[in-house]
Structures are given as C-alpha cells and as structure tokens.
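Thanks for coming, everyone. Please bring up the structure on your screens. I will walk you through a few places in it.

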Amino acid sequence: MISPIVLEVCVVCLGIFLLMAESFSVKSNKVVLAHGAIFGLLSVFVMSFFIEANPAQMQSSGFYVVDGLSLFFKRFALLSTIITLILAVDYLPIVQRLVPSAKPGAGTGEFFVLPVFTCAGLMWMASAADFIVIFCALELVTISLYVQVAYMRRSLASLEAGTKFLILGALSTGFFVYGITWIFGMTGQTGLAEIQRNLTINTEANQMAILFGLGMVLVALGFKIAAAPFQFWVPDVYQGAPTPITAYLAVASKAAGFLILIRVLEPFFTVVAFQPKLILVLALLSGLTLIYGNLAAIPQTNFKRLLGYSSIAHAGYLLAGLAAIGDAFAGRAVVFYLCGYFLMTFLAFLVLIPVTKATGGDDIAHFNGLGRRSPTLALAMLIAAASLAGVPFTVGFFGKFFIFESIINQHFYGLALIGIVTVASGFYYYFKVIRAMYWMPPAEDAAPVTISRLSKSAMLICAILIVVLGCYPQLLMRILP
Amino acid sequence: MSSLSPLLFLILVPIFSALLILIGANPRSTSILGSAVNLLFLLALVVFYRPMEVGYQFVSSFPVVPHLGISFTLGADGLSLVMLFLSTVVTLAAVCVAKSPDNNPRWYYASLLLISSGVIGAFASVDVFFFYMFHELALIPTFLLIGIWGSGDRQAAAWKATVYLATGSFILLLGIIGLYLIQPVETRSFDLREMIVNAQSGLIPDAPGVYLLLLLGFGILVSLFPFHTWAPQAYACAPAPASMLHAGVLKKFGLYGLIRIVAPILPDSVQRFVPLLLVLLIGNILYVGYVTIAQRKLDWMLGYSSVMHMGYIFLGFAALNQLSMTGASLMLLSHGLTIAVLFALCGEIRERTGTLDFSELGGIARICPKLGLSFGFAAMASVGLPGFVGFAGELLVFFGAFGSGEPKIGIIDGKEVFGLNLYQIATTCAVWGIVISAIYMLRAYRRIFMGPLPERWSRLPDLSGFSRAAIILVIAVMLVLGFFPQILVNLATPALLVP
C-alpha cells in the first residue's frame, strides 16, 4: 500500500521533471511534454486506487485527511487536468501565434507544465483539513492560474482577463485571510476538527464574531465558485483566457471551491445556533446566483462568455443542493451534479476548440451550419447542450432532478419556483447553440474542421458517459462517497 | 418479473432505425419498415393480451435509482395498449407521408422516429418518472423538425413551442416530485402501481399544491386554455409528419397522465378545483372554437381545432366518473387518428399548391377526388359524426359529465328546484362546441374542395403511393373502431380506476 501523500509528491515531481526536460532538451516539439504530462497524470490516477485509506499517522496530524470525499476529488482533479492538457494540445497553434518568442514554438512549454502544478494544488486542497493548509493549497492553485489566464501575451483580451483575475483573486484572498483570523481569534484554532470542538463549548457572546469571520470566508469562496454577487470577474475572464484554461477554471477550480465550502461549513453546521442562519445565507446566494446566471446568459452571443454565465448558473444549482444539506441525500446529489458538470462542460469545450481553429472565432455564430460541416462534432455539441440544459436521458437532467428532489424535500419552495424560471431560460440559451448548428447555413469561407485523435477519444468518452449516466445514474451513484 | 418485456422491443425499434439511418441506411425505407414492424408487433401483443386479467401485463422491472424508488418498469394494460396502438399507427402514417427534404433527410427521419420512440416509451412505462423522461425525448427532435424543415415563421414557432414545453415539463417534474414526497416515507415510490396502492389505502393526503403543479404542467403540454398559444403556431409551421405525431400522439401524453395518474391518486384535489378546470376547458371549447372559425388558413385552423378538441377530453377527466373517463379515453384515440389524417392531407395540399389560404383554393375535389374524399371523411370524424370513434367518445363524455355532481332538479329539501349544476352548464356549453366545429370544418371543406376550380390548380396530381396507403389505413381504422367501439371500451374500462 502506498501512502496517500505520495500522490501529490508524484504530481509535483512530474511538474519539475517536465520543466527540466523543457529547459534542457533541444527538441522544439512541445507536444511531447503534453503527452508526457498526460501519461504521468494517468499513472498517478491509476496509483490513486492502490493507496492506503486513512492511515493512522495521518489521522492524528489534523491537517491532512484521506477520506472518500478527498480521494474522489483528487481523481476529479487529475482527470480534469488530463482533459485540460488534451484541450491545450489542440489549442497550441493559437497559443503559439499569441506568445512573443524568438523562434517559433518557444515559450509554450510552460503552457503544458503549469496545469500540472495547479493539479497538485487541487489535490492538496482535497485533503486539507486546516485553514492554513487550505490557504496554501488555494494559493498554489490560484497563482498558477493567474499565469495561465494571462498566458497569451499578444492578446489584449487575455491580458485584461489576467489582470482582472489577479486583482479580484487577490481581493478574495484578503477576505479569506481576514476571515480566518477572526475565526482563529474566537476559537484559538485553525484546524477544522479543533474548531468544531471549540465551537461546541463556545459562549454565546462570541457567536457574532465567529459568524462575521465565517461570512468573510464565504465571500472569498463565493469568488472561487462564482456565486452572485461575487461573480463579476467571470464573463470577462472566461472570454479572455485561453480556452483550455477557461475549461479548467470552469470545472476544476469551481469543484475545488465547492469542496472547500463543504469542508469549511461542516463544523459550523453541527452548531444548532448557526445552522438556520447558514442555510438561509446559502439559499439566498443560490437564488441570486441562479437568477443572475441564467437571465444574464440569455442575450449572450459569444460562446465562451455564454459558458461563463452558464457556469454561474450551475454554481447556483450546486449551492441550492448545499442549502438542502439537511436532506440525507443532498451531499451526494451535489457531488453527482459536479461530475455531470465535469462531463458536459468539458465536452462543450472539446467541441469549441476545433470550431475556433476552423472558423477563427468563438461566437455562437461560428457554429453556424456545423450540423452539415461536421455531423459528429455537431452531435457531440448537441449532447453537451442538451445535458447542460437538463434534457432527460442526459446526466444533466439527473443532476438537476436530484438537487430539486432534495430542496423540495427540505421545503425550499421559493428556490424551486426560481428553478422553474431559470431552467426555462436555460433551455433558451443552450438551444441557441443547437439552432446555430442545425438551422443556420454554414459560412462560405469556413475551413474544414479537423479533430485530433486524442480529443476525439476524449469527446467520445464524455458523450457516451453523459448518455449512459443519463439512463442509469446508479453507475456513478454507487461509487460516490 | 425478471424477463424482458416485449414492450422494450417496441421502444427500441424506432431508436435502432434512427441510428441505422444516421449511420447510412436509406432513410425513407428504413423508417417505413421499422414503423411497420412495430405496428405488426403491437398487434401481436394485443392478441396475446389477456383482457380478463386486471392490472399490467408484459411487466419487466429494472431498478435505476433504488434509494428514490425509481425503476425502469414497463408494462401495459388495456388503456396503454390503446395508446400504443395510436402511437404506432400514427408513426407509420407519418413516415409514409413524409417527403424526403432536400437538406439533411437523415436527421429528418431520425427525428420523427425519436419522437415516436419517446411516445411509445411514455405509454409503455409504469414508472411515473420514466413516463415523464420518455415524453421529454421528443423535445429536441421537435425543435429541430420545426426549426429546420418547417414553413412560415418557423423559427419563432420553434422557439415558442420549445420554451413552453420546457417550462411546462419542468413544472410537471416538480409536481411529480411532489407526488413522490407526499407519500409516507417508508412506502415512497415512483412506481404507479405502488402509488395507487398507497392512495387506495388512504396513505396519500389531499395535496392541492401538488395537484395544481400537475394540472399546470400537464395543461401546458396539452395546450389547456390559456396556455395554448404555442400549439396552433407550432402545428401550422411544423412539417406535416411532425404535426401528425405531435398533435396526434404526443399531446395526448398530458391527458393520459391526468386520467392515469392524477385521477386515482388525488381525486379530492380534482374535485376541489373542478370549477376552475371547467372554466378553463370551456375556454378551450368556446373561445378557441370561435378563434378557429376566424382562421383564414387551413394549417392554422387545424392547429386551433386540435386545441379546441382537447376541451372535450378535459371535460371527461373533470367529471371523474366511469362513463366520462371511458369517453375521454376513446376520444384520445379518435382525436389522435383524425387530426393525424387532417394534418397529413393539409401537408399534401401544401405540397401541391404551395398555399393553404382559403381564398386562393377551391374546387380541388374535382381534380383530386381521393384527396377530397379522405378530407371529407376526416372532417366528419372530427365533427363527431356517428360511424366514427369520435362520436362514441363524445357521447360518453357528454352523458358522463351531465350526470355528474349533485342534481339541482326536482324536489330538494321540500322545495321544487329547477336548475343546472356546474357540470351540466359546462356540458351544455361543450355541446355547442360541436356546432362550432361543424361550422369551421364544413366551411373549410367547401372553400378548398368545392366551388369553381381556379385555372392554375387544374393539373394537380391526386393522392398516390405510400401516402395514399397510409391515409386509407388510418381512415379504415377510424371506421372499424367507429362501428365497433365496444372493442375499445372493453379494453380501456378495466384500466380506469374511478375513485
């Protein structure tokens, strides 16, 4: 049996090794780096099935937990990094054009290596059980993402996105640390388990201060998961960042935010005095996020921006699931939703990149006539859009169904009513893409769409999983923590 | 229980045909072959069906989400067999009259077949959750069919229909979740049989909120007044086979759900909101009826007429007795067949003349006698002439509804009273609807098929080939069942659980 910490160490070593290889090898073909990274991460993924669950020396440490949830999210992070790298290989020509370099192809190696470090951060985060560790892992993730967002230095949009992300990210970090200090000041601890112990013996007078601290932490996490009213950075950053990084932000970074949210809220939910207040806050955040994300997505014409708003909308459904956490089943519903979100968002991005390469843009209008130009790509996008909208027989439908079952069971009728409006508007804006693909004639000058073998197989796996899980969700439900 | 249900075959044949078509088989012949096989298979099932036994037959069950009690359960009783028969007949007719479009014929036929497998799946499901899921399978194909191959203002029509249907079905989903949650915790299930057992043993409380959600959800899908505006537009703009499947079969889903699920489980709530429902359905019959008279184009007229006829079936549901619900089930079938023939003929006329405006047409029966004769048959059936199933259905609905509720005539509490109760008022209004439908149907027939023949229509070809065969088939079914409605009554009645 392997010690669980080996996983992160392996990923970090892989990253360092790839950096070295990039600097010292004479070969200028950077795609080899990406393939190496994909292979290395896949090996770590396989390794994750052979590790010792919850070893004794880790239990006592108090800052690193290895439970079902953390293992699940480690695999989630590994897989999303792998798909991001597949996307990045496809996206390489565009990056090369937009990165200034002495000779062609130089300066693009880091584009494949940085996600590996982000992945290590995400995996640390999955196991973090102490505010200090959470903070360090979060910073590792965010700082490497700053670089990746602003990677295309010749693209003004990318630079703008990087700046916005940096400033708002730094602001949210400030909130996070400030919140931690308040909680530390009131409980004298940074470890979540100790905080939980101290909370139960705390006097009533301190509760206000603790809630204030927790509120600050929630603000910071709201930034990470793009919950309204902390979502202002999302559309611009999503649109400006290199497409693979947008996908990475949308899936891995958001999932990590939710994991932290679950972990941080857990001790506070056990205190009877906090529970109703927290649920109220979560329900309010969820309602706001749902309304903002879905309604603002309606007039969008740029597909990446649309996906940005849609990621806000999905954060709303996930928050609704968290608000219903009193339901025994809500936790699994949230994780199931995240997995479905992983599949359908990545599938949409996998289709977007070849389309961008062929047409030179990422507006919805660039999808015009895709149904005739490339029927398989269009079918994949059809499945992704249907699943994002929540059409039955796709995983997205079951995700929404489980969440709504939980919230109605917890008597949040207001949220359910908001859900009606938002799902209907969701149908409208996702179907706009379907309309473009099948109703509209293709542009005259469009280049033929080509797909690499790697991304074709990734697409196939995602599409098949979406449909299979949409017919038989138990397949995934069984293995959820 | 463990063996596979033959009904699964019915669902899978259209899906496989659609896949074959997408891969490269000849679209037209594959889809006709697949639908014909399905119809024959269904007839074989009817032969093997044992009408004496109560409950579902051909049952197979496969748990999908055990902790929520969702399982993929297929089964059929008399009423579902009637609806499955309707679905397969209309599917066959629809793919026969479909003309290969110039662009993307593969997707065209595949979409039609997907709608068909969705409705078959819905009517063959015993599990309420899958009943809902299968219905939704039709959503995207409908969007594509109207948007790509429609006519007129097709994009607006497709958007409107999709947003209405998506909203309606989501409200319905919340209603179904509600139906699940009002059951006691230990016996919660999405299985219709268990729900009804729970209801009969008094475990399900009266839940007006859930009923309203279900009524609203199903109502939007069935185009209950005032949520009907998507329907005429969508049917007018959709290609003929899509309108046939949608107006003929898919829309029956909502009424089938009300009769099948809501009536036995929430009878008290139904009773409580009867006045509301009666007002709305009279809106369907009278208001939409008069709107239908005002139409100047055949496709819009048929669209509105199909909305109007839903009112009768709602009346059968609202009266909630054996007679009226049997009538409603008969009308589900008769209206499905009739409107399918009418839309098929409407498509044929549009294809020949390029216009459906009454003012431009005339005298076509002289040159296309078969077209005229079949339209005449279908128009009469739609009005409810004796000899067609619709007559039996309407008669049963009217008798059932008129006899429902407390009588307000005779000597009550020692006083002589002479008045009508709500049901009787509604039924009286509904009977007036027959006059309305006679007006618009006969007028349409006169405007299109009678009178002087304009010079430019003097070379129109008559019905021929597969479309003629399909239309003859459906009219023959209408006539046979019209003379022997007892077959349907015997099948459907045991399945109706009247509170």
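Start with two helices in chain B, α12(B) and α16(B). This is a predicted model, so keep that in mind throughout. Helix α12 covers residues 252-265, and helix α16 covers residues 322-353. How do they run relative to each other? Their axes come within 10 Å and cross at roughly 160°. Over 145 degrees counts as roughly antiparallel. α12(B) and α16(B) are therefore roughly antiparallel to each other. The crossing of α12(B) past α16(B) is left-handed.

Now look at who meets whom. From α12(B) we have Lys252(B), Leu255(B), Tyr256(B), Ile259(B) and Ala263(B). Facing them in α16(B) are Met325(B), Ala328(B), Ser329(B), Leu332(B) and Gly336(B). By class, that contact has seven nonpolar residues, two polar and one charged.

Stay in chain B and go to helix α10, residues 230-237. Is this helix enclosed or open? Eight of its eight residues are buried, so α10(B) is largely enclosed by the rest of the structure. Read along it with me: Trp230(B), Ala231(B), Pro232(B) and Gln233(B), then Ala234(B), Tyr235(B), Ala236(B) and Cys237(B). What covers them? The cover includes α6 (139-149), α7 (154-181), α11 (240-250) and α15 (298-319) of chain B.

Next, the loop between α9 and α10 of chain B. Two backbone details sit here. Most residues other than glycine have a negative phi, and most peptide bonds are trans. Then comes Pro226(B), in the loop between α9 (208-222) and α10. The peptide bond from Phe225(B) to Pro226(B) is cis, with omega near -5°.

One more positive phi, in another place. Phe58(B) is not a glycine, yet its phi is about 55°. Find Phe58(B) in strand β1, residues 57-65 of chain B. Buried or exposed? The cut-off for buried is 20 or more other C-beta atoms within 10 Å. Phe58(B) has 21 such neighbours, so it counts as buried.

Over to chain A. It is divided into domain 1, which is 1-170 plus 231-253, and domain 2, which is 274-481. Between the domain centres, taken over C-alpha atoms, there are 23 Å. Where they touch, domain 1 of chain A gives 22 residues and domain 2 of chain A gives 25. On the domain 1 side, the elements giving two or more residues are α4 (68-98), α10 (234-240) and α11 (243-269) of chain A. α4(A) gives the largest share, 12 residues. By class, that side divides into 15 nonpolar, six polar and one charged.

Last stop: where chain A meets chain B. The contact takes 24 residues from chain A and 24 residues from chain B. Which elements of chain A give two or more residues to that contact? They are α17 (395-409), α18 (413-438) and α20 (474-477) of chain A. α18(A) gives the most, with 10 residues. What is the chain A side made of? Its residues divide into 20 nonpolar, two polar and two charged.

That is the tour. Questions, please.

Conventions:
Residues are numbered from 1 along each chain as its sequence is written. Chains are lettered from A and ligands numbered from 1 in the order in which they are written. This is a predicted model: local features need pLDDT of at least 70, side-chain atom pairs count only at pLDDT 80 or more; totals for chains, interfaces and linings use all residues. Domain bounds come from an automatic or database domain assignment. Two residues are in contact if their C-beta atoms, placed from the backbone, lie within 7 Å. Helices (H or I, at least four residues) and strands (E, at least two) are DSSP runs, numbered from the N terminus. Ala, Val, Leu, Ile, Met, Phe, Trp, Tyr, Cys and Pro count as nonpolar, Asp, Glu, Lys and Arg as charged, and the others, Gly among them, as polar. A residue is buried if 20 or more other C-beta atoms lie within 10 Å of its own, exposed if 12 or fewer, and partly exposed in between; C-beta atoms are placed from the backbone. Axes are lines fitted to C-alpha atoms, for helices over the stretch in contact, and angles run from 0 to 180 degrees between N-to-C directions. Angles under 35 degrees count as roughly parallel, over 145 as roughly antiparallel, 65 to 115 as roughly perpendicular and the rest as oblique. A crossing is left-handed if the near helix is turned anticlockwise from the far one by less than a right angle, and right-handed if clockwise.
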